[in-house]
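Here is a brief report on one protein model. It covers cores, a helix pair and some backbone features.

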Amino acid sequence: MDDYRRLADRMADDIAAGRLRPGERLPPQRVFARRRGIAGSTAGRVYAELVRRGLVVGEVGRGTFVRAAPEGNGRALVEAATAAPVNLELNYPCAPGQSELLAPALAPLLRPDVLTDALRPAAVTGTSEARQAAARLLATPDWHPAPDRILFTGNARQAVGAALASLVRPGGRVGVEALTYPVVKEIAARLGITLVPLATDEEGPRPQSVAAAHRTAPLAALYLQPTLHNPASVTTSPERRRQLADTAADLNIPIIEDRIWSFLTDDAPLATHAPGLTHVVDGLSKRVAPGLTVGFLVVPEERVETVAAAVRSGGWSAGRFALEAAVRWIGDGTVERLVAAKRADAARRQRIVGEELRGFAVRSDPRAYFAWWELPAPWRADTFTAAAAALGIAVTPGPAFAVDPNRTPDAVRLGLASAPEPDLRRALRTLGGVVRAGP
């Protein structure tokens with residue numbers, strides 16, 4: 001084993017054993033090299049390896065710090081990554097009486113004759129009934145997707161993976177917001193794709209940044225979250241959407257538009273302005289429940305078979321049982337009732353944030369199920385995450401969303417959806433006290 005990897009393994013062991021604690025600053029590389037009797041270049045490779053493993057984070061002008069936890073594969077936004085009593089990482093909304101609403105549509109599927117069909121494999125294109133139901137569900141006043149352009153995956157994350165795999169070759173570049181969905185970072189790493197951070201402002205990604213990045217080296221695609229961007233809660237204005245669509249069209253750059261939180265709003269997608277370039281991703285995990293879900297992928301007409309092939313090769317097709325359940329939930333109005341309940345629930349939770357974190361730099365949207373808390377100095381994201389964990393509260397550190405590891409924000413994402421409201425209020429009140437007390 002190379003010497004630098006052996007040294008990195010030892011430091012990884014120290015981090016795992018707690019001998020190097022979350023938030024602790026490592027010595028400058030030249031000091032580390034002198035103490036270990038190694039070359040400066042070797043020390044640099046050790047630190048780079050630790051960054052690659054997600055064990056430390058380098059902050060320009062400040063040094064290298066031990067993370068609160070390895071960045072991992074984004075599963076904090078997919079499943080419970082902690083046993084903390086109050087988990088503000090996990091972010092799946094559950095409306096009051098949700099199970100009672102969902103159960104009636106499942107009962108007919110349990111009849112032996114119906115169950116036989118429901119347990120057969122599902123095609124990537126689903127069934128005619130599924131395509132029609134999905135088209136009705138995803139439609140907005142200004143956008144009506146054609147049923148024959150809709151594909152189905154197991155969840156929205158798989159839809160993102162299929163879209164990227166179908167558009168970008170290994171080594172290709174994809175433009176994304178500077179803060180992006182951590183699972184997309186993991187998908188890109190597995191596909192050998194380079195994510196290119198785009199400059200953003202209060203209206204979302206700047207079209208000039210897209211053009212500048214494309215001039216540096218061609219972008220194979222854009223992955224954008226124009227509706228309730230996670231984690232910043234920014235919703236791109238209609239005019240900015242048109243400008244982004246025009247820029248993408250001028251440069252012939254395909255767009256993957258993630259609309260997983262769009263059910264909380266009434267805005268029109270980017271696909272309205274660039275239907276021939278935009279691949280719309282959505283799903284039922286947030287609208288309905290994460291345990292029995294379906295992902296939707298609306299693609300340009302000429303790309304249906306190419307993207308379908310990517311879904312098949314990735315093994316990302318939707319389960320037939322989940323697809324049949326989705327058709328029934330959409331058809332009988334269950335999804336519509338759940339959406340109304342969750343919109344009201346999100347608004348209540350945002351009011352709790354406003355009450356408990358008043359005076360802090362918290363960015364959010366009154367419709368969103370999350371908030372972005374920019375921490376005051378001298379707090380850093382990792383040290384605050386560790387302090388919160390010590391009190392039994394899990395939050396997601398800002399660096400988990402950062403595309404550029406050298407530009408990591410001192411902020412945390414607060415997932416508001418999963419904790420019961422009384423627990424959420426107590427947790428936010430506790431965290432406010434932690435910040436006021438200082439590290």
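A nonpolar core is a set of buried Ala, Val, Leu, Ile, Met, Phe, Trp, Tyr and Cys residues joined through side-chain atoms within 4.5 Å. Buried means under 20% relative accessible area, with a 1.4 Å probe and protein chains only. The model is predicted: local features need pLDDT of at least 70, side-chain atom pairs count only at pLDDT 80 or more, and totals for chains, interfaces and linings use all residues. Residues are numbered from 1 along each chain as its sequence is written, and side-chain values use heavy atoms, leaving out hydrogens and water.

The largest nonpolar core has 76 residues; F152, V174, V294 and L297 touch the most other members. Another core, of 24 residues, lies apart from it and includes I352, F384, A419 and L428.

Next, the helix pair. Helices are DSSP runs (H or I, at least four residues), and strands are E runs of at least two, numbered from the N terminus. In α1 (residues 3-17), Y4, L7, A8, M11 and A12 meet T42, R45, V46, E49 and L50 of α3; contact means heavy atoms within 4.5 Å. The axes of α1 and α3 (residues 40-52) come within 9 Å and cross at roughly 50 degrees.

Now the backbone.

| Feature | Residue | Value |
|---|---|---|
| cis peptide bond | N230 to P231 | omega near 25 degrees |
| cis peptide bond | A377 to P378 | omega near 5 degrees |
| positive phi, not a glycine | L228 | about 50 degrees |
| positive phi, not a glycine | S233 | about 65 degrees |

P231 sits in the loop between β9 (221-224) and α10 (238-251). The loop between β9 and α10 also holds L228 and S233. L228 is buried at 0% relative accessible area, and S233 is buried at 4%. P378 lies in the loop between β14 (370-374) and α14 (381-390).

Methods
Buried < 20%, exposed > 50% of the residue type's maximum accessible area, 1.4 Å probe, protein only. Axes fitted to C-alpha atoms, helices over the stretch in contact; angles between N-to-C directions.
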